[in-house]
Amino acid sequence: MFNAVRVILSIVCWNALFLATVKAQQTQQQDQKDQQQDQKTEPPIQRADELKSKVTFAVYFLPGDKNYDLNLRHQFGHVVAWAAGFVDPKGDSQGRLGAEYDFQHKWLLLIPTLEVGTNGALAGSVYAELGTRNYAIVGWSETNLKPFNDLFFDPSESVQLGFGHRFNSYDRIYGYSIFDVRLGTGQQDTHLLWRHRLNQNNGITFDALFKSGRGDDHRYIHSFGIGVYYDRPKWFWKAYYDPHVNFSSSTMVRTGIGLKF
């Protein structure tokens, strides 16, 4: 009698375990389907951030001069690598190779970056966002003081501090200051950016810039610039008006177009 009861209890337990396992698998499969469905129902402009590759061609207009830049980026898991070339028809051209590691864990985004130039220039930086909906921005960058022609025109021997707010996975407003902490120039670039999804297939970002500090001729500079980035699911264009570019006496107008794939 005891053996019969034990057999019955064993059968009941195994059936319960089997049903629980099947239920767990069904729940997991349903969660995966729901996640895939959510991804499918996201607007195409938001899914564009998931594309792994980007190529950008830019033209920089200066008084009496015109420069070109071609940049190819690709994401390998958590690592993003790029190869780029800056072309100055007057002879000051430069190639670049770089990589960054994107580390994301809950409320922390951490991105260390390393870049080298064909003229021996070397640059390193660390960028971090701390928080989720509201987040702090902290960064640091340094070079070996050899000239770098890059997509960014902020001080390179610098600390970055700022704050941002995410409205959703695409829309956000954020601001930061990048200021020289090494060369004693007092140079500082302050950016205020607003990124907004216009509709299913279009997004736009405005970048207001204020800069102050001493230039190469030791004159104190303060000026305003502005940039616009127009975003589509598979391509984008951007334009910047940058007076006293790199704290020089020249005004630069930068235009660029790119593909995402």
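Trainee: How many salt bridges does the count come to in this structure?

Mentor: The model is a predicted one, and the count comes to 12 salt bridges. A pair qualifies when a side-chain nitrogen of Lys or Arg lies within 4 Å of a carboxyl oxygen of Asp or Glu. One of them joins the side chains of Arg96 and Asp69, with 3.0 Å from N to O. This pair links distant parts of the chain, Arg96 belonging to strand β4 (residues 94–101) and Asp69 to strand β2 (residues 65–76), 27 residues apart.

Trainee: Are Arg96 and Asp69 buried or exposed?

Mentor: Both Arg96 and Asp69 are buried. Arg96 also forms a salt bridge with Glu115, where the closest N and O atoms are 3.3 Å apart. Because Arg96 lies in strand β4 and Glu115 in strand β6 (residues 108–117), this pair ties together parts that are 19 residues apart in sequence. Glu115, like Arg96, is buried.

Trainee: Which residue forms a salt bridge with Arg182, and how does the pair relate to the sequence?

Mentor: The partner of Arg182 is Glu142, and their closest N and O atoms are 3.7 Å apart. Arg182 sits in the loop between β10 (172–180) and β11 (188–197), while Glu142 sits in strand β8 (residues 134–143), so the pair ties together parts that are 40 residues apart in sequence.

Trainee: Which residues are linked in a network of salt bridges?

Mentor: The network links Asp49, Arg195, Asp231 and Lys260.

Trainee: The loop between β10 and β11 also holds Thr185. What is Thr185 in contact with, leaving aside its neighbours within four places in sequence?

Mentor: Those contacts are with Asp180, Gly213 and Arg214. With Asp180, the side chain of Thr185 makes a polar contact of 2.9 Å. A polar atom of the Thr185 side chain also lies 3.2 Å from the backbone nitrogen of Gln187. Thr185 is classed as buried because its relative accessible area is 19%, and the limit for that class is under 20%.

Trainee: Which residues form the nonpolar patch on the surface?

Mentor: The patch consists of Phe57, Leu70, Leu72, Trp235, Trp237, Ile257, Leu259 and Phe261, and together they have about 780 Å² of accessible area. At least two of its residues come from each of β2, β14 (235–242) and β15 (252–260). Trp235, in strand β14, is partly exposed, its relative accessible area being 34%.

Trainee: What can be said of the chain as a whole?

Mentor: The chain has two helices and 15 strands. Of its 261 residues, 36% count as buried. The chain exposes about 15700 Å², with carbon and sulfur atoms supplying 62% of that area. Among contacts with a separation of 6 or more, residues 24 or more positions apart account for 40%.

Trainee: Where is confidence lowest, and where is it highest?

Mentor: Confidence is lowest in helix α1 (residues 2–41), with a mean of 51, and highest in strand β9 (residues 158–166), at 98. Over residues 4–9 the pLDDT is below 50, and this stretch has zero contacts in the model beyond near neighbours in sequence. For the chain, the mean pLDDT is 88, and 85% of the residues reach 70 or more.

Conventions. Residues are numbered from 1 along each chain as its sequence is written. This is a predicted model: local features need pLDDT of at least 70, side-chain atom pairs count only at pLDDT 80 or more; totals for chains, interfaces and linings use all residues. Side-chain values use heavy atoms; hydrogens and water are left out. Helices (H or I, at least four residues) and strands (E, at least two) are DSSP runs, numbered from the N terminus. Buried means under 20% relative accessible area, exposed over 50%, partly exposed in between (1.4 Å probe, protein chains only). Patches are made of residues with over 30% relative accessible area and no salt bridge: like charges are joined within 9 Å, nonpolar side chains (Val, Leu, Ile, Met, Phe, Trp, Tyr) within 5 Å. Accessible areas come from the Shrake-Rupley method with a 1.4 Å probe; for residues, only the protein chains shown count as cover. Contact means heavy atoms within 4.5 Å. pLDDT is the predictor's confidence in each residue, from 0 to 100. A polar contact is a pair of N or O atoms within 3.5 Å; within protein, one must be able to donate a hydrogen and the other to accept it, and residues adjacent in sequence count only if both atoms are side-chain atoms.
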